[in-house]
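Look at the chain below and keep it in view while reading. The paragraphs that follow go from annotated positions to the sheet, then to the cores and a few backbone details.

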Amino acid sequence: MSELDFLTGIDDVPPTPILIAPDPILRQITRDVAPEDIAFLRKQLPGMFSAMYKAPGIGLAAPQVGIDLRFAIIDLADEKEPRDPLILINPEIVEDSEQMAAREEGCLSLPNQYAEVIRPESIRVRYRDLQGDVIEREADGLLATCIQHEMDHLDGVLFVDHLSTLKRNMIMRRLAKEQKFKKK
Ligand SMILES: [Zn+2]
C-alpha cells in the first residue's frame, strides 16, 4: 500500500471548499505540524487534492481550506502526464538564489486574478514527508515559484502582497466585484 493510494479514486472525492480572499482566515499564521497532527492531516489530503485537481490548480495550502497547520500540497503535472503529488509538511527555505525571476501567478483563493511576481529564481527547501522524514531538495522555475507561493500562505501572505498597493487594490476590487456577481 502506498501513501498516495487515495489518489486512485480522487475524482470521486468531494472537493474541500476553498476560502476566497479577503477571508480573514487566509491572513492567519499557521502552527507547525506535530506528530500527533499527522492522522488529521492525512484525512484532509483526499478532499484537498480533489479540490486542487478540480479547480484546476497546481498548489493548495492548508489555510486555504481553513486548516491552521503548516503544510501544503503541490502537483505540477499537466493533464496528459501522470499525477505527481508533493506534500510539504513544515517547509522552510534554507537557501535562495540572488538571481530573481518574474513569473505570472494566480491563486485558487483569488480566482481569475493573475499578476507577475518577482521571487528568487531557485531555492533549497527542507520539509517533512508523511513518514516524518526530513527531505531537502532544490527547486527552480515553476516549482520554486509554486513552493514559495504556498509557503507564503502558511504565514498569511497572498501573492498580491508582493505587488504595489495600487495593483493590489485593483485586483482585490476586481475580485470582490466578480464574487458579488457570481453570488447573484
Ligand atoms: Zn495561493
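The UniProt annotation "binding site", from an unreviewed entry, covers Cys-107, His-149 and His-153. These residues are spread over 47 residues of sequence, yet they cluster in space, with a largest C-alpha distance of 10.2 Å. UniProt positions are given in the numbering used here, feature names are shortened, and annotations may be inferred rather than shown by experiment. The model is a predicted one, in which local features need pLDDT of at least 70 and side-chain atom pairs count only at pLDDT 80 or more, while totals for chains, interfaces and linings use all residues. Residues are numbered from 1 along each chain as its sequence is written.

His-149 lies in helix H2, residues 141-154, and His-153 is in helix H2 as well. Helices (H or I, at least four residues) and strands (E, at least two) are DSSP runs, numbered from the N terminus. Are these two histidines buried or exposed? A residue is buried if 20 or more other C-beta atoms lie within 10 Å of its own, exposed if 12 or fewer, and partly exposed in between, with C-beta atoms placed from the backbone. His-149 counts as buried because it has 24 C-beta neighbours inside 10 Å, and His-153 counts as buried because it has 22.

Contacts show what surrounds them. Two residues are in contact if their C-beta atoms, placed from the backbone, lie within 7 Å. Leaving aside neighbours within four places in sequence, His-149 is in contact with Gly-59, Glu-105 and Phe-159. With residues up to four places away again not counted, His-153 touches Ala-61, Pro-63, Gln-64 and Ala-72.

Glu-150 is in helix H2, and it counts as buried because 24 C-beta neighbours lie inside 10 Å. Beyond its neighbours within four places in sequence, Glu-150 is in contact with Gly-59, Ala-61, Ala-72, Ile-74 and Leu-88.

Next comes the sheet. It is an open sheet of five strands in the order S1-S2-S3-S6-S7, with antiparallel pairing. Strand S1 (59-61) and strand S7 (134-140) stand at the edges with a single partner strand each, so one side of each has no neighbour in the sheet. From one strand to the next, the twist averages 40 degrees. Angles run from 0 to 180 degrees between N-to-C directions, and axes are lines fitted to C-alpha atoms, for helices over the stretch in contact. Helix H1 (residues 38-54) packs on the sheet, where it touches S1 and strand S2 (71-74), and its direction makes about 40 degrees with that of S2.

Strands of a sheet pair through backbone hydrogen bonds, either parallel or antiparallel. Here two strands pair if DSSP finds at least two bridges between them. S2 and S3 pair in the antiparallel sense over four bridges, and Ala-72 has Leu-88 in S3 as its bridge partner. S3 is joined to S6 by five bridges, also antiparallel; Glu-95 is partnered there with Arg-124 in S6. Seven bridges join the antiparallel strands S6 (residues 122-128) and S7, and one partner pair is Arg-126 with Glu-136 in S7.

In soluble globular proteins, nonpolar side chains tend to be buried together. A nonpolar core is a set of buried Ala, Val, Leu, Ile, Met, Phe, Trp, Tyr and Cys residues joined through C-beta atoms within 7 Å. The largest one has 29 residues, and those with the most contacts inside it are Met-48, Phe-71, Ala-72, Ile-73, Leu-88 and Ile-147. At least two residues of this core come from each of H1, S1, S2, strand S3 (86-96), S6 and H2. H1 gives the most, with six residues. A second, separate core of nine residues includes Leu-110, Leu-158, Ile-171 and Leu-175.

Some backbone details remain. Most residues other than glycine have a negative phi, and most peptide bonds are trans. The bond from Ala-21 to Pro-22 is cis, with omega near 5 degrees, and Pro-22 is found in the segment before H1. A cis peptide bond also joins Ala-55 and Pro-56, with omega about -10 degrees; Pro-56 sits in the loop between H1 and S1. Asn-112, in strand S5 (residues 110-120), has a positive phi of about 70 degrees although it is not a glycine.
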